Amino acid sequence: MVPALGLRRVFGSIGYVSKVSIATSIALLLLWQLAASLEVVPAMFMPSPLAVAAKFVAVSRDGFQDATLVEHLLASVGRVTAALVAAVILGVALGFAMNLSQTAQGVIAPVLEFYRPIPPLAYLPLVIIWFGIGEFAKVLVIFLGILPSIVIATNEGLRSVSPDRVNAARSLGASRAQVVLLVLLPHAMPSILTGTRIGLGTGWATLVAAELVAATKGLGFMIKGAADFLVTDVVILGILVIAAVAIVMEISLRLVQRAVAPWQGRE
Amino acid sequence: MKSLDVRDVVVRYGDSNLGGVVALDHVSLTIEPSSFVVALGASGCGKTTLLNLMAGFRKPSSGSVSFDGRTVEGPSSERGVVFQHGALMPWLNVIDNVAFGLRLKGVPRKDRHDRARAMLRLVYLEGVEDRRIWELSGGMRQRVGVARALTADPDVLLMDEPLGALDALTREQMQELILDVWARTGKSVFFITHGIDEAVFLASKLLVMSPRPGRVIASLDLDFGRQFAAGAKSGDVKSQPEFIAMREHVKGLIFSSRQLAEAAL
């Protein structure tokens with residue numbers, strides 16, 4: 001799943017730690033293959049890497065439970081993307097509101113602090129009771145998982161702005177709206193992106209749980225369905241695809257962060 | 001030309017009955033057009049508070065600040081500010097930082113870049129238009145800060161210890177640069193420092209301030225900066241007996257006020 005460009009980038013600037021990491025990954029893979037070949041555990045419980053690779057090809061072509069791997073993948077990525085976009089828009093808006101108005105801070109803070117530490121899995125049943133088992137409920141749970149980290153990161157980013165920077169803009173004639181758009185927003189951008197990265201991790205973790213209930217497509221659904229029939233190779237395949245997608249997302253967001261906020265850590 | 005008037009200003013932080021601090025105690029001064037007013041004093045004498053009042057960043061507890069006859073209600077581009085640590089925008093390159101004030105006014109990109117380039121030339125910074133802020137040295141950043149303030153074409157430049165964070169050599173170069181800009185633009189300047197040498201060299205009017213409560217204890221009319229602006233070398237200006245005598249006189253004022261303040265505690 002990792003694109004060739006990413007691999008070349010990784011190997012291009014390779015350091016000692018990375019070399020050890022790559023060697024470790026290969027060793028683990030070989031150990032897994034060895035254990036499977038010696039049948040330490042029956043293949044039904046732990047299929048070999050080669051069997052999983054074969055399954056990757058089969059599920060990509062023929063599908064599993066009425067959907068191909070790509071369809072499962074797109075269903076999952078679609079849900080996380082929808083939730084993420086909504087969470088970034090609302091989260092940044094709420095973060096700004098908290099920073100600009102004490103009333104807004106008083107209203108938002110207790111609600112956020114109350115539900116933030118609750119694992120999304122705990123309120124998933126309630127969301128289903130209220131909103132049913134459709135797409136909306138799934139996206140909503142993922143959205144709720146992502147939202148707090150973005151609100152908090154936005155607020156933290158805004159709080160770190162030096163009064164001088166705001167005053168500089170005001171003394172050049174900036175209106176309140178211009179201060180928000182041309183000073184506060186760019187200033188908070190690195191922090192917002194960090195919050196987005198953290199939120200994406202939570203969202204991706206919540207996804208599988210949300211898809212366990214009454215989905216017909218999605219990586220979580222695929223894993224759950226495979227587990228019900230003890231199709232262990234598809235379970236492992238699903239886990240690896242989820243890991244790969246998370247890595248790709250993390251790397252892309254870091255590249256975005258470097259492109260959008262190259263000044264981070266250099267002031 | 002317009003002058004900036006500070007009349008009988010008092011600034012209190014917190015409740016003075018409950019141990020609050022009087023940052024400025026009945027301070028009055030005028031910044032005449034084309035003058036170079038320097039406020040000199042130890043930390044805690046209220047010089048930055050004074051600048052914040054003039055800029056419109058805060059309001060006095062009593063007294064008034066007015067510019068061109070109108071009460072100062074808030075910040076405005078007619079009173080440009082240069083900050084100690086630059087307060088530049090790291091997400092913008094050099095030219096967009098300098099042109100920031102024009103962008104706020106909706107000036108088209110090409111026009112504002114032309115004007116920003118002219119201001120960069122005025123502070124002898126050319127060829128760095130596309131550089132990132134963090135790639136610049138401290139002295140270059142302050143020159144960008146000065147150019148940014150000038151681009152908005154203010155009547156007064158308010159400078160809050162703009163050379164405080166620079167090394168000694170760069171600091172002397174910047175003093176000369178600021179005098180040069182002052183002489184060439186004809187703008188009035190209010191400049192804060194705690195460097196005695198710097199204050200005596202730059203000021204056309206020197207305000208010596210004392211802390212706790214912050215007040216102006218002496219106002220001196222000087223012309224060493226004008227001598228430099230008229231073409232004299234800074235080394236010659238600073239080594240003449242009058243300069244040295246004035247420096248010692250000012251030093252005496254500051255230390256006697258400090259002893260008085262300590263005796264009062």
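**Entry 1: what kind of model**
I reminded myself that this is a predicted model.

**Entry 2: the six-stranded sheet of chain B**
I began by tracing the strand order. Six strands of chain B make an open sheet, ordered β6-β7-β8-β3-β9-β10, with mixed pairing. At the edges I found β6 and β10 (215–221) of chain B, each pairing on one side only.

**Entry 3: around β7(B)**
How many bridges join β6(B) to β7(B)? I found four, and the two strands run parallel. Here B:Gly80 sits opposite B:Leu157 of β7(B). On to the pairing with strand β8 (residues 188–193) of chain B: β7(B) and β8(B) are also joined in the parallel sense, over five bridges. In β8(B), I noted B:Phe191 opposite B:Met159, and B:Ile192 as the bridge partner of B:Asp160.

Next I asked myself: is strand β7 (residues 156–160) of chain B mostly covered or mostly open? It is mostly covered, with five of its five residues buried.

**Entry 4: the four-stranded sheet of chain B**
Chain B has an open sheet of four strands too, in the order β2-β1-β4-β5, and its pairing is antiparallel. β2 (21–31) and β5 (70–71) of chain B are the edge strands with a single partner each, so one side of each has no neighbour in the sheet. Strand β4 (residues 62–67) of chain B pairs with β5(B) over two bridges, and B:Phe67 has B:Arg70 in β5(B) as its bridge partner. I then followed helix α1 (residues 47–55) of chain B, which lies across β1 (4–13), β2 and β4 of chain B and runs at about 125 degrees to β1(B).

**Entry 5: the core**
Which residues have the most contacts inside the largest nonpolar core? They are B:Val38, B:Met54, B:Phe190 and B:Leu206, in a core of 134 residues. Helix α7 (residues 135–159) of chain A gives this core its largest share, 13 residues. Leaving aside neighbours within four places in sequence, B:Phe190 is in contact with B:Ile31, B:Val37, B:Leu51, B:Met54, B:Val156, B:Leu158 and B:Met159.

**Entry 6: where the chains meet**
The contact takes 20 residues from chain B and 15 residues from chain A. On the chain B side, β6 (79–82) and α3 (100–104) are the elements that give two or more residues. That side divides into 12 nonpolar, five polar and three charged residues.

**Entry 7: a helix pair in chain A**
Last, I checked helix α3 (residues 49–62) and helix α11 (residues 232–260) of chain A, whose axes come within 9 Å and cross at roughly 80 degrees. That makes α3(A) roughly perpendicular to α11(A). From α3(A), A:Ala51, A:Val52, A:Lys55, A:Phe56 and A:Val59 meet A:Asp233, A:Val234, A:Ile236 and A:Leu237 of α11(A). By class, this contact has seven nonpolar, no polar and two charged residues.

Note on methods: Residues numbered from 1 in each chain as written. Chains lettered and ligands numbered in written order. Predicted model: local features only at pLDDT ≥ 70, side-chain atom pairs only at ≥ 80, totals over all residues. Axes fitted to C-alpha atoms, helices over the stretch in contact; angles between N-to-C directions. Parallel < 35°, antiparallel > 145°, perpendicular 65-115°, else oblique. Contact = placed C-beta atoms within 7 Å. Nonpolar A, V, L, I, M, F, W, Y, C, P; charged D, E, K, R; others polar. Pairing = 2+ DSSP bridges. Core = buried A, V, L, I, M, F, W, Y, C linked by C-beta atoms within 7 Å. Buried ≥ 20, exposed ≤ 12 C-beta atoms within 10 Å, placed from the backbone.
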